[in-house]
Amino acid sequence: MTDQNVALMAHLMRRAGFGASRAELEELAAQGYDNVVEGLLNPESQPNIDEDLMMRYFPSFHQAAAIEVNIQNWVYRMVNTPRQLQEKMALFWHMIFCAGHSKIDSGWEMGRMVGMFREHGMGNFRDLLMLLSTSPAMMYYLDNTESHKVAVNENYGRELLELFSMGVGKDEAFNYSEDDVKACARAFTGWNVAPPYPPFPYGRSPWEFRYDPADHDASDKTFLGQTGNWNGDDIVNMIAGQPATARFISRHLYNFFVADEVPVPSWRQTPPKDPELIGRLEQAYYDSGYEISAMLRVLLTSENFKNARFTKVKNPTEVVVSTLRMVGEHRGELKPGLFELSQYPRYMGMDLMNPPTVEGWHTGHEWIDSGTLVERINFAADFLGKTELPGVQDMVERLRAQGDKSPEQFVDACADMVGCLNMSDDTRNQLVEHAQKGGAVSSANQDDFTSRAGEMFQMIAATAEYQLG
């Protein structure tokens, strides 16, 4: 019988982090759900990752130039940081505030952008929009470096409204017009990147934001019904206070943490799955003065969230990182091999730090196709079958400590250990049918027990249900 407190904690850590080992889940469950949520919401109460070790063992960690090295460093953080929600929010914002290495062509700048999401992603949304609008990488990616008062480029102004804050919709809350887009773009003229030093012979220098007042359109602009000599910071302040912004961010949080929604471009035609929770998130946004952590507290402590188990398809990064955390690989030790593993989300359709467009990735069931499903299954099954790994060893020993089991009991206990508690009757029957071929499972024969447990873990990893988080 599954401990319901452990099952709830597993759900919380799958969503508000990147999963956890069975031993960790039991320790967290003993602390109480609300206490764990508060710990997640206050990352400064948790130790930070030891960057000295990363610099020692990953020589290119400091000012890493290659995009692959920056991706490796990020995956290492996801696997090892005690500040799990903080790192999950960095991924959340990376999937909304999309900028890609394909154009920026600087792994270091992409790493700096993710670091900005990490440091400020649970803070004030208005402040985060300001940081985004002064990010040299974003200014370059969305062509604001090409926007001048005598020749306005509307790219950043348009995406700021459509993809980063207010969305596109059909009701009274989504009421910006094409004229608002033009006014927004004019307000951000002069927001640029300082000319960098030549890269040779000493290598690249960090990009720096530069505001050029001589290149700013200082004429009056009418934005969202208000007229004035608006600059970019004025636009951000007005955007942050819009009902459309509260709704857009709330729906993104729901889609990422609670349950898969339709793709973002369809939001204008499709109402939210859970209007009641969305409304509470919007209220928290306003009541707190646009604080993301306040919205997360409402979300994570809601019954809507607690009951929404296995209603999301894991994104590729979650598949890779949660599997590594479960089996204990590359946790607490620095060794060769992580560089190659950190590239696996790309093979599953999620090229970290390089989204396909500024719109980002389509999530939910669109993560799954015939090619990516094979990669997902092979990755998880490979690691869950490695019974020499510490996390797998721990699960096997916990199973053995429960004593002899019938095939039916063995399947249920293995599924419990892996966290796949949503098996359909058909899936369970197929697993039981396989287990019955070996008869009852004796805990006395350690080698046979370990072999059968590792094989069952692999089979569970190959089920459709394992793809849900």
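**Cavities and their linings**

Mentor: The structure holds three cavities of 30 Å³ or more. The model is predicted, so to speak, by rule: local features need pLDDT of at least 70, side-chain atom pairs count only at pLDDT 80 or more, and totals for chains, interfaces and linings use all residues. Residues are numbered from 1 along each chain as its sequence is written, and side-chain values use heavy atoms, without hydrogens and water.

Trainee: What makes a space a cavity?

Mentor: On a 1 Å grid over the protein atoms alone, a cavity is a set of points where a 1.4 Å probe fits but cannot get out. Lining residues have an atom within 4 Å of a point.

Trainee: What is the volume of the largest cavity?

Mentor: About 380 Å³. A volume is the space filled by probe spheres set on the points, with grid points joined across faces, edges and corners.

Trainee: Which residues lie nearest its centre?

Mentor: Ala10, Arg14, Gly19, Met326 and Val418, from a lining of 32 residues. That lining divides into 16 nonpolar, eight polar and eight charged.

Trainee: Why is the second largest cavity said to lie between domain 1 and domain 2?

Mentor: Domain 1 (1-308) and domain 2 (316-467) both give residues to its lining, so the second largest cavity lies between them. The domain bounds come from an automatic or database domain assignment. This cavity holds about 300 Å³ of space. Among its 22 lining residues, Met95, His252, Asn255, Trp361 and Thr363 lie nearest the centre.

Key
On a 1 Å grid over the protein atoms alone, a cavity is a set of points where a 1.4 Å probe fits but cannot get out, and a pocket is an open set with protein on both sides within 12 Å along at least five of seven lines; lining residues have an atom within 4 Å of a point. Ala, Val, Leu, Ile, Met, Phe, Trp, Tyr, Cys and Pro count as nonpolar, Asp, Glu, Lys and Arg as charged, and the others, Gly among them, as polar.
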